[in-house]
Amino acid sequence: MIQKVSIIIPVYNAEKYIDRCLKSIANQTLGKFEVIIVNDCSTDNSKNLINNFIKEDSRFRLINHTENMGAMCARETGYTNAIADYLLFVDSDDYLPLNAIELLYNKIVNEDADIVIGGMKYVNSKKTISIYSPPIKIFCNNEEIVKSFLRGTIHGGIASNIYKRSLFQIDFMTFKGMSISEDSLMSFQLIDNVNKVAVLNEIVYYYFMNENSSSHNINMQGFKSKINADKFVYRKYCKNRNYTSELNAFIIRSIGRLVLSGCPKEYLIDAYDFVDVKKLMRLSNIYRYLRDYKVIISFLLYHFNIYKSKINGNV
């Protein structure tokens, strides 16, 4: 059977959620796919659960890392072993609606796009928290695509997206010990070779708000990971004046998110040493971003300390 889509699942200590994730994929309406599960040295029962599952379905295979390398390296192991022309990434605590792969595959083939971005529902164990349902649109110009990523019009994560596998024939830069923002870092390296992005507003991904995951419990290492990713993005585009406004908005939103996560303002001023934070965050600049409510919220978070610092570890 010719596989249409390769689905990559990095796994680390996911025994509570992995069965739900795998079942949601096994029951998809589009059946011609392969699933590459990369076990990143889990210390719980994840490996045994996966082995029991894949005995019943030959479309699933397991690759075991010999050392813990992080989610980005696990994804790399997955896509370098993939055989299909299109790639989809799913985190082990997330899951898919039954027609997700079919919707994404049909869209990327029919539009001949490099990337298709779908809608996403944020859920916890009790209810839906929020919904990301972007308006249908086609981006056909690389500069427009980059600006849309920087503005947040196109989300910088990799969940709910499908990609041409040919985009991944590059060496990705990453940072040792990176715990968050590794998917955003990957996205901003991928888009160098992207000339067409299609947006699908139907829900194709359930993002589980796992309170125990690194993205929801940001510590000192997490703050550093996020800032390193922002530094990479800033240096990548700062010399191109066409991106100045979008790049500044990108950094402002990042600072706002970190303040919301409990990162002290004083630390941010020092850590963002590649920009002048005090100058960038002047309230007098707010008028430039009146159409971007996320930037406005970031200004308010920064200046009025709405949230108290809750950093885990010493600054």
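Let's start with a nonpolar patch on the surface: Leu 283, Leu 300 and Phe 304 form it, with about 270 Å² of accessible area together. That area comes from the Shrake-Rupley method with a 1.4 Å probe, and for residues only the protein chains shown count as cover. Patch members have over 30% relative accessible area and no salt bridge, and nonpolar side chains (Val, Leu, Ile, Met, Phe, Trp, Tyr) are joined within 5 Å. A salt bridge is a side-chain nitrogen of Lys or Arg within 4 Å of a carboxyl oxygen of Asp or Glu.

A word on the source: this is a predicted model, where local features need pLDDT of at least 70, side-chain atom pairs count only at pLDDT 80 or more, and totals for chains, interfaces and linings use all residues. Residues are numbered from 1 along each chain as its sequence is written, and side-chain values use heavy atoms, leaving out hydrogens and water.

Leu 300 lies in helix H11, residues 293–304; helices (H or I, at least four residues) and strands (E, at least two) are DSSP runs numbered from the N terminus. Leu 300 is partly exposed at 35% relative accessible area, where buried means under 20%, exposed over 50%, and partly exposed in between.

Now look at helix H6, residues 182–190: 8 of its 9 residues are buried, among them Met 186 and Phe 188. What do they pack against? Their partners include helix H3 and strand S8, with contact meaning heavy atoms within 4.5 Å.

Finally, Ser 160 has a positive phi of about 75 degrees although it is not a glycine. Ser 160 sits in the loop between H5 and S8 and is buried, at 0% relative accessibility.

Notes:
Patches are made of residues with over 30% relative accessible area and no salt bridge: like charges are joined within 9 Å, nonpolar side chains (Val, Leu, Ile, Met, Phe, Trp, Tyr) within 5 Å. Buried means under 20% relative accessible area, exposed over 50%, partly exposed in between (1.4 Å probe, protein chains only).
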